[in-house]
Amino acid sequence: MTIDSVRGAPATAATAEPEPVQLLTPEGERVEHPDYPLELTADDIRALYRDLVITRRIDLEAVALTRQGELGLWASLLGQEAAQIGSGRALTDHDMVFPTYREHGVAWCRDVNPLNLLGLFRGVNHGGWDPAEHGFHLYTVVIGSQTLHATGYAMGIQRDGVLGSPSAGAAIAYFGDGATSQGDVNEAFVFASVFNAPIVFFCQNNQWAISEPLEKQSRIPLYKRAQGYGFPGVRVDGNDVFACLAVTRKAMEAARTGQGPMLIEAYTYRMGAHTTTDDPTRYRMKAEEESWKLKDPIERVKAYLTRGDLADAAFFDGVEDEAKAIAADLRKGCLAMPDPEPLSMFEHVYADRHPLMTEEQEQFAAYLASFEEEVAS
Amino acid sequence: MTAETLTLGKAINTGLRKAMENDPKVLVMGEDVGKLGGVFRITDGLQKDFGEERVIDTPLAESGIVGTAIGLALRGYRPVVEIQFDGFVFPAADQIITQLAKMRMRSLGALELPVVIRIPCGGGIGAVEHHSESPEAYFTHTAGLRVVACSNPADAFTMIQQSIASPDPVVFFEPKRRYWDKADVDVDSSDWTAFDAARVVRPGDHATVLAYGPSVKTCLEAAAAAAEDGRSLEVIDLRSLNPLDMDAVAASVDRTGRCVVVHEAPVFNGYGAELAARVTERCFYRLEAPVLRVGGFSTPYPPSRLEDHYLPDLDRILDAVDRTFAW
Ligand SMILES: Cc1ncc(C[n+]2csc(CCOP(=O)(O)OP(=O)(O)O)c2C)c(N)n1
């Protein structure tokens, strides 16, 4: 064994991959896990399937809209549907989500109109929904920042004195594998731990941070980092919607009852490009993508439903049709989305009228009007 | 002379390559700079040719990138750091402002930190938030840093090499929407304009227009349009923002008597405020009108569908020129 002077010892021993929590195999077989019992009715499972399919369809439509120039950019969640739907459906109305820019599936679970997600990527707003109404904060583009906000929010819940009561909620912060390198994320871990804050850190390890594979961020499995901060960490099969649901439910419940933070590493894969401007052929092998295709998060639920006679062709067709209709609506809504008024730039910068905003707005209004006069004369 | 037609992006790439060939201590580091060649491909091919020890894909942490670059520089290396987008330099602001900028002075000159921080900056590419900002004023406000902005391929090629050679830390702004602009670059000559010198990019007599980075091209277009109306604008590309080539600026304004400053950053407390104050002090008796500033509004950078309104364009520059003549 040679030791590379720059990169250190080979990582093999330290990173022997642990088994993630799994409740549904890639073949669609139900398995049990002693720590995560999960009872789901056929209706529950069909509902999860519907969420998965619709989320994927929304995502595909957004990618298509980007290719056609209707959006400036889109961060696709392809492959990560189970991680997002499983965790998203584990939440209650009292919980608060702090997403990155890729949590379209969680947004769906929080009843955020998908059209509102497009606004940011189309460039008509910086986030077009009311976070409080949905228990779903604005998308955060700066990597890792939201984990501290989530921690502070959780500290607020703690100070409200509601933990353990039926109205207790907890915070859940989403972030990627790359984000775990950021100072902010590590500081969030420290704060959450020290204050025993009611927060779940939900890391979607999709194996890539743009072109950088996980080895560039960590020498140990990410969930193990939690131990060093003083709270539990668990790795879950991120392509298994059942497991993601069960693990997140348990972690959130623990947080809501005052047992403190937890890190969930959802082990998954970014099937698409980082965003629509990225070209993954420059840095990763087709074979890797192909191998993950066999672990598709939707196919395994479909196999389970089919095998157990829990759904028939009419159900699957119905979901397909519904997803198509939602995508068509989304497209229509996107095309009809007006550009914002130029003068709106000066709004909402401060709570009250602000002399500089007013001055620049008035000057700009006069400037714009001068063109209309020119046209008129 | 070996003239090659290069895009601005390729010119930086070529300059980086030359610097790495000439000095084995030069390192490139940042997010996705290796195999991908950076999201703008500015470091394309460098890892392949210089290896992973010199072209380093770092963990995703800007404070970490700049902080370790400081340590590498203390150990004799010359790190060239790529910040992926302007809006992501802020996690590194502490390392840049409290550490990088001050170490020479704190060590009474014993320590040298030849670190270059490359920042693709400015708007106009239809990006989502934090990808279109012009944070130069934060850094020109910080003593101990040199701050430069290139506007064209030839300068990009030479200025990146001069920045790497500089014994002081340099914040190097790259106008991202001009990355694809092409021009002939003499890749062999080392007869370079001084690192600190501004350049008259279009001579004129009636008013001076001061610009840097992405705005230079817009100002040249404005000057061409103004010429049709019989107005002769002198456009100066400042190139170096700190230090500022005030003699070149004053010489021009003393001749023209009028001055318009253009940048993409918000006008309020922007770099143009410093220019306006200094021009007023140096050229007070020659000025026919106050120095006027054209820039981004003093709001957060707007959603991209509004950026054409936010960014100073030809019309807004000409409007300011009109106002300076109407004074
Ligand atoms: C502070 C900061 N630095 C750099 C970027 C540019 N950037 C956007 S996404 C990304 C990779 C993120 O990877 P990861 O955290 O694994 O999440 P993923 O995109 O894979 O979901 C980078 C470097 C950014 N948005 N914010």
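Modeller: The place of B:Pro243 is the loop between β12 (240-242) and α9 (246-256) of chain B; helices (H or I, at least four residues) and strands (E, at least two) are DSSP runs, numbered from the N terminus. The model is predicted, so local features need pLDDT of at least 70 and side-chain atom pairs count only at pLDDT 80 or more, while totals for chains, interfaces and linings use all residues. Residues are numbered from 1 along each chain as its sequence is written, chains are lettered from A and ligands numbered from 1 in the order in which they are written, and side-chain values use heavy atoms, with hydrogens and water left out.

B:Pro243 is joined to B:Asn242 by a cis peptide bond, with omega about 5°. Most residues other than glycine have a negative phi, and most peptide bonds are trans.

Elsewhere in chain B, the side chains of B:Asp86 and B:Lys176 form a salt bridge, their closest N and O atoms being 2.5 Å apart; the term denotes a side-chain nitrogen of Lys or Arg within 4 Å of a carboxyl oxygen of Asp or Glu. The pair links distant parts of the chain, 90 residues apart: B:Asp86 belongs to the loop between β4 (78-82) and α4, and B:Lys176 to the loop between β7 (170-175) and β8 (182-186).

Chain B also meets chain A. The contact (heavy atoms within 4.5 Å) takes 41 residues from chain B and 46 residues from chain A. About 3600 Å² is buried between the two chains, with carbon and sulfur atoms giving 61%; buried area is the accessible area (1.4 Å probe) that two parts lose on being put together, summed over both. Between chain B and chain A there are 3 salt bridges, including one between A:Asp339 and B:Arg305 (3.4 Å, N to O). On the side of chain B that touches chain A, α11 (307-310) and α12 (314-326) of chain B each supply at least two residues. The most comes from α12(B), with 3 residues. By class, this side has 16 nonpolar, 10 polar and 15 charged residues, where Ala, Val, Leu, Ile, Met, Phe, Trp, Tyr, Cys and Pro count as nonpolar, Asp, Glu, Lys and Arg as charged, and the others, Gly among them, as polar.
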